[in-house]
Amino acid sequence: MTTRAVVRGVGHYLPRRIVENTEFEATLDTTDEWIRSRSGIERRHFADKTETTAIMAANAARNALEMAGLEPDSLDAIIVATSTADLTFPSAATTVQAELGMTRGFAFDVQAVCAGFVFALTNANALIVSGQARRVMVIGAETFSRIMDWTDRGTCVLFGDGAGALLLEAEEGTGTSRDRGILATDLNSDGSLRDLLYVDGGSSTGTTGYLRMQGNQVFRHAVEKLAATATTALERAGLTAADVDWVVPHQANIRIIQGTAKKLGLPMEKVVVTVQDHGNTSAASIPLALSVGHARGQLSKGDLIVTEAIGGGLAWGAVVLRW
Ligand code: UT7
């Protein structure tokens with residue numbers, strides 16, 4: 001018998017305010033056509049003051065708990081993947097714990113930027129497989145609109161806000177790739193590439209700072225590294241791309257999503273795409289896509305899913321799971 005971290009619930013929250021590409025045309029030297037054709041983004045949601053990272057995370061978690069029919073106190077742990085926690089500390093996860101009224105267990109944040117959810121899932125899987133937790137809420141939540149330089153057309157049109165949550169529970173499997181739950185993971189980073197995507201603020205500057213990105217340089221690394229990490233994770237699970245029912249990728253750019261699918265030899269019919277409606281929501285993008293894909297009826301019980309993401313660090317990785 002092998003312990004598996006199996007999905008019991010999924011949920012998401014999107015801010016009320018939707019901003020179409022055309023809104024940027026009034027303040028920036030940009031066009032809806034440029035944003036659409038270069039990134040695939042058509043609109044994104046921006047949080048208001050009340051829609052903090054932790055509040056959105058808690059809302060997404062409530063939806064996942066509701067789907068599972070479980071109470072917050074039945075959770076052993078909450079992990080929030082975020083690079084836009086509302087405060088430097090305490091963690092967003094402890095605020096979520098308080099918001100949910102959860103009085104036991106433990107909560108912490110994981111910060112691996114756009115790859116954060118893949119890193120958080122891997123941590124949750126390790127806690128469950130090692131017997132340290134049975135039920136873990138894994139959340140990706142971001143308010144990247146708070147770290148945008150609104151004069152930089154190369155970045156501010158690309159990002160959005162939101163949160164998604166996955167509730168994982170220990171279940172005994174057979175140890176084969178037919179099991180439901182997380183089957184394999186692969187994590188990577190290369191700190192020598194940290195200047196390609198970073199925020200120019202923090203404790204060293206006494207400011208929150210703004211996101212800075214050499215977009216075309218990040219793009220150069222993305223397709224190759226994403227296809228490689230997905231292939232490695234599949235190999236670890238004893239599977240190949242031919243076994244995959246759905247790719248649920250980080251939603252940064254439709255051209256990266258298409259290029260990675262092509263490199264894996266998978267048609268776009270097998271890819272969950274939400275980038276047109278959400279923009280790049282960093283660590284929230286994969287759980288948002290899982291939740292929206294589930295709501296659309298795209299994901300069925302037993303489907304083999306590969307998630308993959310890359311972002312600041314650079315940090316990248318993939319998780320193979322059976323829904
Ligand atoms: O999620 C974390 C990881 N991040 C990513 O995966 C993002 C990866 N990168 C990308 O998605 C793309 O590189 C971008 C969408 C950011 C940019 O697309 P690109 O095809 O790589 O364009 P580029 O950066 O090479 O810029 C091409 C031109 C430049 O003008 P010149 O130098 O050719 O005259 C830019 O100044 O497009 C210009 N440009 C814009 N034009 C209109 C940049 N931003 C804009 C804009 N509107 N918003």
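Colleague: To begin, in which loop does S282 lie?

Modeller: First, a word on the source: this is a predicted model, in which local features need pLDDT of at least 70 and side-chain atom pairs count only at pLDDT 80 or more, while totals for chains, interfaces and linings use all residues. Residues are numbered from 1 along each chain as its sequence is written, and side-chain values use heavy atoms, with hydrogens and water left out. Helices (H or I, at least four residues) and strands (E, at least two) are DSSP runs, numbered from the N terminus. S282 lies in the loop between α7 and α8 (285–295). Its phi is positive, about 50°, although S282 is not a glycine.

Colleague: Is S282 buried or exposed?

Modeller: Buried means under 20% relative accessible area, exposed means over 50%, and partly exposed is in between, with a 1.4 Å probe and protein chains only. S282 has 1% relative accessibility, so it counts as buried. V113 likewise has a positive phi of about 50° without being a glycine. V113 is placed in the loop between β5 and α4 (116–129), and at 18% relative accessibility it counts as buried.

Colleague: How should I read the length of a helix, and what is the case for α5?

Modeller: The expected span of a helix is 1.5 Å times one less than its number of residues. Helix α5 covers residues 215–236, which is 22 residues, and reaches 31 Å from its first C-alpha to its last, close to the 32 Å expected. A bend at a residue is the angle between axes fitted to the seven residues ending there and the seven starting there. In α5 the bend is about 30°, at A222. After the helix comes G238, with a positive phi near 75°.

Colleague: Against which elements do the buried residues of α5 pack?

Modeller: Packing is read from contacts, and contact means heavy atoms within 4.5 Å. The buried residues of α5 include V218, H221, K225 and L234. The elements they pack against are β8 (181–189), β9 (197–199), β10 (211–213), α6 (254–264), β12 (304–311) and β13 (315–322).

Colleague: Where does the charged end of K225 sit?

Modeller: A charge sits over a ring if NZ of Lys or CZ of Arg is within 6 Å of the ring centre and within 35 degrees of the ring normal. The charged end of K225 sits over the ring of W316, 5.1 Å from its centre.

Colleague: How are the two faces of a strand read, and which residues of β13 are on each side?

Modeller: In a regular strand the side chains alternate between the two faces of the sheet. In β13, A315, G317, V319 and L321 are on one side, W316, A318, V320 and R322 are on the other, and all are buried. Because 8 of the 8 residues of β13 are buried, the strand is largely enclosed by the rest of the structure.

Colleague: Over how many bridges do β8 and β13 pair?

Modeller: Two strands pair if DSSP finds at least two bridges between them. β8 and β13 pair in the antiparallel sense over 8 bridges, with L187 opposite G317. β12 and β13 are also antiparallel, over 8 bridges, and there V306 has V320 as its bridge partner. Their hairpin has 3 residues between the strands, and in it G313 takes a positive phi near 145°. The peptide bond that joins G313 and L314 is cis, with omega about -15°.

Colleague: What bridges join β4 to β5?

Modeller: There are 5 bridges between β4 and β5 (residues 106–110), and these strands run parallel. I78 stands opposite A107 in β5. Strand β4 (residues 77–81) has 5 of its 5 residues buried.

Colleague: How many aromatic pairs are there?

Modeller: A pair of aromatic rings is described by the distance of the centres and the angle of the planes. Rings of Phe, Tyr and Trp (its six-membered ring) pair if their centres lie within 6.5 Å; planes under 30 degrees apart count as stacked, over 60 as edge-to-face and the rest as tilted. The count is 3 aromatic pairs. One of them joins F46 and W150, edge-to-face at 5.5 Å centre to centre with 75° between the planes. This pair links distant parts of the chain, 104 residues apart: F46 is in strand β3 (residues 43–46), and W150 is in the loop between β6 (135–143) and β7 (161–173). F46 is buried at 6% relative accessible area, whereas W150 is partly exposed at 40%.
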